[in-house]
Amino acid sequence: MEYHQLGRTDLKVSALCLGSMTWGQQNTQDEAFAQLDRARAAGINFLDTAEMYPVPPRAETYGRTEQIIGEYFRTRGNRADWILASKVAGPGNGISHIRDGQLRHDRRNIVAALDASLKRLQTDWIDLYQLHWPERSTNFFGQLGYRHKEESFTPLAETLEVLSEQVKAGKIRHIGLSNETPWGTMKFLELSEQLGLPRPVSIQNPYNLLNRTFEVGLAEIAIREQCGLLAYSPMAFGMLSGKYENGARPANARITLFSRFTRYTNPQSQAACSRYVALAREHGLDPAQMALAFVTAQPFVTSNIIGATSLEQLDSNLASLDLELSAEVLEGIEAIHREQPNPAP
(Lines give C-alpha, C1' and ligand atoms only; values in the text may rest on other atoms or scores of the structure.)
Protein backbone atom coordinates (compact mmCIF):
# COMPACT_ATOMS: atom_id res chain seq x y z
CA MET A 1 0.00 0.00 0.00
CA GLU A 2 1.17 3.51 -0.80
CA TYR A 3 0.46 6.44 1.50
CA HIS A 4 0.06 10.11 0.64
CA GLN A 5 0.15 13.22 2.79
CA LEU A 6 -3.31 14.63 3.44
CA GLY A 7 -3.01 18.29 2.48
CA ARG A 8 -0.48 20.06 4.67
CA THR A 9 -1.27 17.87 7.67
CA ASP A 10 0.92 15.26 9.31
CA LEU A 11 -1.54 12.52 8.35
CA LYS A 12 -0.58 9.90 5.76
CA VAL A 13 -3.60 8.29 4.11
CA SER A 14 -3.62 5.14 2.00
CA ALA A 15 -3.74 5.58 -1.79
CA LEU A 16 -7.05 3.72 -1.69
CA CYS A 17 -9.81 4.85 0.68
CA LEU A 18 -12.64 2.52 1.67
CA GLY A 19 -16.04 3.96 0.82
CA SER A 20 -19.06 2.93 2.83
CA MET A 21 -22.25 4.21 1.23
CA THR A 22 -23.70 0.74 0.56
CA TRP A 23 -23.53 -0.36 4.20
CA GLY A 24 -26.97 -0.55 5.73
CA GLN A 25 -28.72 -0.76 2.35
CA GLN A 26 -27.00 -3.15 -0.06
CA ASN A 27 -24.68 -4.57 2.62
CA THR A 28 -25.41 -5.94 6.08
CA GLN A 29 -23.39 -5.07 9.15
CA ASP A 30 -21.55 -8.40 9.00
CA GLU A 31 -20.63 -7.79 5.37
CA ALA A 32 -19.41 -4.29 6.22
CA PHE A 33 -17.27 -5.68 9.05
CA ALA A 34 -15.74 -8.22 6.65
CA GLN A 35 -14.90 -5.45 4.16
CA LEU A 36 -13.31 -3.33 6.89
CA ASP A 37 -11.20 -6.24 8.12
CA ARG A 38 -10.07 -7.13 4.60
CA ALA A 39 -9.23 -3.52 3.74
CA ARG A 40 -7.27 -3.00 6.95
CA ALA A 41 -5.30 -6.20 6.36
CA ALA A 42 -4.37 -4.82 2.92
CA GLY A 43 -3.02 -1.62 4.47
CA ILE A 44 -5.95 0.72 3.97
CA ASN A 45 -6.15 3.18 6.87
CA PHE A 46 -8.60 5.69 5.35
CA LEU A 47 -12.38 5.31 5.71
CA ASP A 48 -14.99 7.64 4.23
CA THR A 49 -18.63 7.97 5.26
CA ALA A 50 -21.37 10.62 5.66
CA GLU A 51 -24.33 11.40 7.83
CA MET A 52 -26.55 10.95 4.74
CA TYR A 53 -25.50 7.34 4.09
CA PRO A 54 -26.51 4.75 3.02
CA VAL A 55 -27.67 5.65 -0.45
CA PRO A 56 -30.19 6.13 -1.82
CA PRO A 57 -30.90 8.41 1.18
CA ARG A 58 -34.09 7.49 3.00
CA ALA A 59 -35.54 8.46 6.36
CA GLU A 60 -35.70 4.78 7.34
CA THR A 61 -31.96 4.22 6.89
CA TYR A 62 -30.58 7.68 7.75
CA GLY A 63 -27.34 7.38 9.74
CA ARG A 64 -27.25 3.60 9.50
CA THR A 65 -23.82 3.53 7.82
CA GLU A 66 -22.22 5.54 10.60
CA GLN A 67 -23.91 3.30 13.16
CA ILE A 68 -22.36 0.23 11.55
CA ILE A 69 -18.92 1.85 11.60
CA GLY A 70 -19.43 2.79 15.25
CA GLU A 71 -20.25 -0.82 16.10
CA TYR A 72 -17.14 -1.92 14.23
CA PHE A 73 -14.95 0.41 16.29
CA ARG A 74 -16.63 -0.78 19.49
CA THR A 75 -16.24 -4.48 18.78
CA ARG A 76 -12.76 -4.34 17.23
CA GLY A 77 -11.38 -1.63 19.51
CA ASN A 78 -9.31 -0.24 16.65
CA ARG A 79 -10.62 3.30 16.16
CA ALA A 80 -7.09 4.73 16.43
CA ASP A 81 -5.97 2.59 13.48
CA TRP A 82 -8.23 4.49 11.08
CA ILE A 83 -8.23 7.96 9.58
CA LEU A 84 -11.96 8.59 9.58
CA ALA A 85 -13.75 11.00 7.25
CA SER A 86 -17.40 11.98 7.37
CA LYS A 87 -19.60 14.73 5.92
CA VAL A 88 -22.39 17.13 6.82
CA ALA A 89 -25.24 17.21 4.30
CA GLY A 90 -26.17 20.30 2.33
CA PRO A 91 -29.61 21.50 1.20
CA GLY A 92 -31.68 20.04 -1.61
CA ASN A 93 -30.72 16.77 -3.31
CA GLY A 94 -34.19 15.46 -2.55
CA ILE A 95 -33.50 15.26 1.18
CA SER A 96 -36.20 16.44 3.57
CA HIS A 97 -35.78 13.94 6.41
CA ILE A 98 -32.54 15.39 7.81
CA ARG A 99 -33.19 18.32 10.17
CA ASP A 100 -36.52 18.98 8.37
CA GLY A 101 -34.65 19.70 5.14
CA GLN A 102 -33.32 23.03 6.41
CA LEU A 103 -29.72 22.11 5.75
CA ARG A 104 -27.55 25.19 5.87
CA HIS A 105 -23.87 25.24 6.67
CA ASP A 106 -24.45 27.34 9.77
CA ARG A 107 -23.71 26.77 13.44
CA ARG A 108 -27.00 25.07 14.27
CA ASN A 109 -26.74 22.51 11.49
CA ILE A 110 -23.03 21.79 11.64
CA VAL A 111 -22.98 21.31 15.40
CA ALA A 112 -26.12 19.15 15.35
CA ALA A 113 -24.81 17.02 12.48
CA LEU A 114 -21.36 16.59 13.96
CA ASP A 115 -22.57 15.67 17.44
CA ALA A 116 -25.00 13.12 16.00
CA SER A 117 -22.28 11.62 13.78
CA LEU A 118 -19.87 11.31 16.71
CA LYS A 119 -22.54 9.50 18.70
CA ARG A 120 -23.35 7.08 15.88
CA LEU A 121 -19.67 6.50 15.16
CA GLN A 122 -18.95 5.90 18.86
CA THR A 123 -15.87 8.09 18.72
CA ASP A 124 -14.70 11.35 20.24
CA TRP A 125 -13.26 12.76 17.01
CA ILE A 126 -13.47 12.71 13.23
CA ASP A 127 -10.17 13.14 11.42
CA LEU A 128 -11.61 14.80 8.30
CA TYR A 129 -14.98 16.56 8.36
CA GLN A 130 -16.28 17.58 4.94
CA LEU A 131 -19.06 19.79 3.57
CA HIS A 132 -20.85 17.17 1.46
CA TRP A 133 -21.95 19.67 -1.20
CA PRO A 134 -22.23 23.47 -1.38
CA GLU A 135 -25.12 25.26 0.25
CA ARG A 136 -25.27 27.77 -2.61
CA SER A 137 -26.66 26.93 -6.04
CA THR A 138 -23.78 26.06 -8.34
CA ASN A 139 -22.71 23.42 -10.82
CA PHE A 140 -22.26 20.05 -9.14
CA PHE A 141 -23.92 16.61 -9.26
CA GLY A 142 -23.74 16.50 -13.04
CA GLN A 143 -24.49 20.15 -13.89
CA LEU A 144 -21.61 21.24 -16.08
CA GLY A 145 -22.59 24.82 -16.92
CA TYR A 146 -22.90 27.49 -14.23
CA ARG A 147 -26.22 29.32 -14.03
CA HIS A 148 -26.10 32.24 -11.63
CA LYS A 149 -28.88 32.60 -9.08
CA GLU A 150 -29.24 35.45 -6.61
CA GLU A 151 -29.87 33.82 -3.26
CA SER A 152 -29.04 33.92 0.41
CA PHE A 153 -26.56 31.37 1.74
CA THR A 154 -24.41 31.11 4.84
CA PRO A 155 -21.26 33.22 4.32
CA LEU A 156 -18.29 30.93 3.77
CA ALA A 157 -16.36 32.75 6.50
CA GLU A 158 -19.14 31.93 8.97
CA THR A 159 -19.01 28.26 8.00
CA LEU A 160 -15.25 28.26 8.53
CA GLU A 161 -15.68 29.91 11.94
CA VAL A 162 -18.06 27.16 13.06
CA LEU A 163 -15.72 24.44 11.82
CA SER A 164 -12.84 26.19 13.58
CA GLU A 165 -14.75 26.02 16.85
CA GLN A 166 -15.20 22.27 16.38
CA VAL A 167 -11.48 21.84 15.72
CA LYS A 168 -10.65 23.78 18.88
CA ALA A 169 -13.12 21.61 20.80
CA GLY A 170 -11.27 18.49 19.60
CA LYS A 171 -14.28 17.06 17.77
CA ILE A 172 -12.61 17.22 14.35
CA ARG A 173 -8.96 17.38 13.32
CA HIS A 174 -9.17 18.74 9.76
CA ILE A 175 -11.77 20.03 7.32
CA GLY A 176 -12.44 19.20 3.69
CA LEU A 177 -14.69 20.13 0.79
CA SER A 178 -16.80 17.96 -1.47
CA ASN A 179 -18.57 18.51 -4.79
CA GLU A 180 -16.99 21.95 -4.80
CA THR A 181 -16.12 24.27 -7.67
CA PRO A 182 -12.86 26.10 -8.43
CA TRP A 183 -14.33 29.39 -7.13
CA GLY A 184 -15.59 27.78 -3.93
CA THR A 185 -12.33 25.95 -3.30
CA MET A 186 -10.17 29.03 -3.78
CA LYS A 187 -12.54 31.18 -1.72
CA PHE A 188 -12.40 28.79 1.23
CA LEU A 189 -8.60 28.66 0.96
CA GLU A 190 -8.34 32.45 0.73
CA LEU A 191 -10.63 33.04 3.72
CA SER A 192 -8.85 30.46 5.84
CA GLU A 193 -5.55 32.24 5.28
CA GLN A 194 -6.97 35.74 5.74
CA LEU A 195 -8.81 34.89 8.95
CA GLY A 196 -6.39 32.37 10.42
CA LEU A 197 -8.97 29.59 10.30
CA PRO A 198 -8.60 25.87 9.49
CA ARG A 199 -7.55 25.29 5.91
CA PRO A 200 -9.34 22.74 3.71
CA VAL A 201 -6.97 19.80 3.22
CA SER A 202 -8.86 17.95 0.50
CA ILE A 203 -11.71 18.07 -1.98
CA GLN A 204 -13.90 15.03 -2.63
CA ASN A 205 -15.28 15.23 -6.16
CA PRO A 206 -16.19 12.69 -8.83
CA TYR A 207 -13.38 11.61 -11.14
CA ASN A 208 -13.28 8.71 -13.58
CA LEU A 209 -12.73 7.90 -17.25
CA LEU A 210 -16.23 9.16 -18.10
CA ASN A 211 -15.88 12.35 -16.06
CA ARG A 212 -12.50 14.09 -16.08
CA THR A 213 -13.89 17.60 -15.57
CA PHE A 214 -11.79 17.93 -12.39
CA GLU A 215 -8.79 18.35 -14.67
CA VAL A 216 -10.15 21.59 -16.16
CA GLY A 217 -10.15 23.99 -13.21
CA LEU A 218 -9.46 22.04 -10.05
CA ALA A 219 -6.42 19.88 -10.75
CA GLU A 220 -4.02 22.84 -10.69
CA ILE A 221 -5.57 24.06 -7.44
CA ALA A 222 -5.26 20.59 -5.90
CA ILE A 223 -1.54 20.45 -6.64
CA ARG A 224 -0.47 24.06 -6.09
CA GLU A 225 -2.56 24.53 -2.95
CA GLN A 226 -1.96 21.04 -1.54
CA CYS A 227 -5.68 20.40 -1.40
CA GLY A 228 -5.73 17.04 -3.13
CA LEU A 229 -8.59 15.14 -4.67
CA LEU A 230 -10.35 12.33 -2.87
CA ALA A 231 -11.81 10.79 -6.01
CA TYR A 232 -15.27 9.30 -5.72
CA SER A 233 -17.10 7.14 -8.29
CA PRO A 234 -13.79 6.05 -9.88
CA MET A 235 -15.66 3.26 -11.69
CA ALA A 236 -18.69 5.40 -12.60
CA PHE A 237 -21.18 3.43 -10.49
CA GLY A 238 -19.63 0.21 -11.78
CA MET A 239 -20.20 1.05 -15.45
CA LEU A 240 -16.47 0.87 -16.19
CA SER A 241 -16.27 -2.69 -14.87
CA GLY A 242 -18.07 -3.89 -17.98
CA LYS A 243 -20.82 -5.63 -16.04
CA TYR A 244 -23.53 -3.45 -17.61
CA GLU A 245 -22.35 -3.96 -21.18
CA ASN A 246 -25.00 -4.52 -23.88
CA GLY A 247 -27.77 -3.46 -21.53
CA ALA A 248 -27.04 -6.12 -18.91
CA ARG A 249 -28.51 -5.47 -15.47
CA PRO A 250 -26.98 -7.94 -12.99
CA ALA A 251 -29.06 -8.84 -9.96
CA ASN A 252 -28.44 -6.71 -6.87
CA ALA A 253 -26.20 -4.26 -8.75
CA ARG A 254 -26.65 -0.58 -7.94
CA ILE A 255 -27.94 0.61 -11.31
CA THR A 256 -30.24 -2.41 -11.46
CA LEU A 257 -31.70 -1.74 -8.03
CA PHE A 258 -32.05 2.03 -7.94
CA SER A 259 -33.54 4.28 -10.61
CA ARG A 260 -31.81 7.25 -8.93
CA PHE A 261 -28.43 6.33 -10.40
CA THR A 262 -28.61 7.56 -14.00
CA ARG A 263 -25.54 9.81 -14.10
CA TYR A 264 -23.43 7.38 -16.12
CA THR A 265 -26.07 5.61 -18.20
CA ASN A 266 -26.81 8.11 -20.96
CA PRO A 267 -26.15 6.91 -24.54
CA GLN A 268 -22.87 8.86 -24.86
CA SER A 269 -21.55 7.37 -21.63
CA GLN A 270 -22.49 3.85 -22.62
CA ALA A 271 -20.74 4.24 -25.97
CA ALA A 272 -17.55 5.60 -24.38
CA CYS A 273 -17.69 3.00 -21.64
CA SER A 274 -17.82 0.19 -24.19
CA ARG A 275 -14.66 1.55 -25.78
CA TYR A 276 -12.80 1.70 -22.46
CA VAL A 277 -13.89 -1.84 -21.59
CA ALA A 278 -12.80 -3.08 -25.01
CA LEU A 279 -9.43 -1.31 -24.63
CA ALA A 280 -8.81 -3.04 -21.32
CA ARG A 281 -9.70 -6.46 -22.67
CA GLU A 282 -7.58 -5.89 -25.78
CA HIS A 283 -4.58 -5.51 -23.47
CA GLY A 284 -5.53 -8.40 -21.20
CA LEU A 285 -6.57 -6.13 -18.34
CA ASP A 286 -9.53 -6.22 -16.02
CA PRO A 287 -11.65 -3.17 -17.04
CA ALA A 288 -12.42 -2.20 -13.45
CA GLN A 289 -8.76 -2.39 -12.45
CA MET A 290 -7.72 -0.31 -15.46
CA ALA A 291 -10.26 2.36 -14.52
CA LEU A 292 -9.07 2.42 -10.91
CA ALA A 293 -5.37 2.41 -11.79
CA PHE A 294 -5.87 5.42 -14.06
CA VAL A 295 -7.46 7.44 -11.25
CA THR A 296 -4.97 6.41 -8.56
CA ALA A 297 -2.01 7.40 -10.74
CA GLN A 298 -3.06 11.03 -11.24
CA PRO A 299 -0.72 13.51 -9.49
CA PHE A 300 -3.60 15.55 -8.08
CA VAL A 301 -5.25 12.54 -6.41
CA THR A 302 -4.55 12.07 -2.71
CA SER A 303 -6.73 8.97 -2.36
CA ASN A 304 -9.04 6.96 -4.59
CA ILE A 305 -12.32 6.02 -2.87
CA ILE A 306 -13.28 2.45 -3.71
CA GLY A 307 -16.61 0.82 -2.90
CA ALA A 308 -17.68 -2.79 -3.05
CA THR A 309 -20.67 -4.92 -2.19
CA SER A 310 -18.70 -8.17 -1.99
CA LEU A 311 -15.28 -9.28 -0.85
CA GLU A 312 -14.54 -10.48 -4.37
CA GLN A 313 -15.10 -6.96 -5.71
CA LEU A 314 -13.01 -5.51 -2.90
CA ASP A 315 -10.14 -7.89 -3.61
CA SER A 316 -10.24 -6.93 -7.29
CA ASN A 317 -10.21 -3.24 -6.37
CA LEU A 318 -7.25 -3.75 -4.06
CA ALA A 319 -5.36 -5.57 -6.80
CA SER A 320 -5.57 -2.44 -8.98
CA LEU A 321 -2.70 -1.04 -6.90
CA ASP A 322 -0.36 -3.53 -8.54
CA LEU A 323 -1.33 -2.40 -12.04
CA GLU A 324 0.85 0.12 -13.84
CA LEU A 325 -0.74 1.17 -17.11
CA SER A 326 1.54 0.95 -20.13
CA ALA A 327 2.17 3.87 -22.47
CA GLU A 328 0.12 2.08 -25.10
CA VAL A 329 -2.88 1.73 -22.78
CA LEU A 330 -2.61 5.37 -21.71
CA GLU A 331 -2.47 6.46 -25.34
CA GLY A 332 -5.61 4.41 -25.99
CA ILE A 333 -7.38 6.07 -23.07
CA GLU A 334 -6.44 9.54 -24.33
CA ALA A 335 -7.61 8.70 -27.84
CA ILE A 336 -11.06 7.75 -26.55
CA HIS A 337 -11.15 10.82 -24.32
CA ARG A 338 -10.35 13.14 -27.23
CA GLU A 339 -13.19 11.71 -29.30
CA GLN A 340 -15.72 11.41 -26.45
CA PRO A 341 -14.66 13.83 -23.69
CA ASN A 342 -16.54 13.77 -20.41
CA PRO A 343 -19.79 12.12 -21.56
CA ALA A 344 -21.02 12.03 -17.95
CA PRO A 345 -19.94 15.22 -16.13
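Is Arg107 buried, exposed or partly exposed? In this predicted model, Arg107 has a relative accessible area of 39% and is therefore classed as partly exposed. Its salt-bridge partner is Glu165, with the closest N and O atoms 2.5 Å apart.

In total, 20 salt bridges were identified. One of them joins the side chains of Glu135 and Arg104, with an N to O distance of 3.4 Å. Here Glu135 belongs to the loop between strand 6 (126-131) and helix 4 (156-168), while Arg104 belongs to the loop between strand 5 (83-88) and helix 3 (107-121), a separation of 31 residues. Glu135 is buried, with a relative accessible area of 12%, whereas Arg104 is partly exposed at 33%.

The loop between strand 6 and helix 4 also holds Arg136, which is linked across 44 residues to Glu180 in the loop between strand 7 (172-178) and helix 5 (182-195). The side chains of Arg136 and Glu180 form a salt bridge at 2.5 Å, N to O, and both residues are buried.

Disulfides are absent: the search of the whole structure returned 0. The sulfur of Cys227 has its closest cysteine sulfur in Cys17, 15 Å away, and this distance is too far for a bond. Cys17 is buried, at 1% relative accessibility, and Cys227 is buried at 1% as well.

How values were computed
Residues numbered from 1 in each chain as written. Predicted model: local features only at pLDDT ≥ 70, side-chain atom pairs only at ≥ 80, totals over all residues. Heavy atoms only, no water. Disulfide = S-S within 2.5 Å. Buried < 20%, exposed > 50% of the residue type's maximum accessible area, 1.4 Å probe, protein only. Salt bridge = Lys/Arg side-chain N within 4 Å of Asp/Glu carboxyl O. Helix = DSSP H or I, 4+ residues; strand = E, 2+ residues; numbered from the N terminus.
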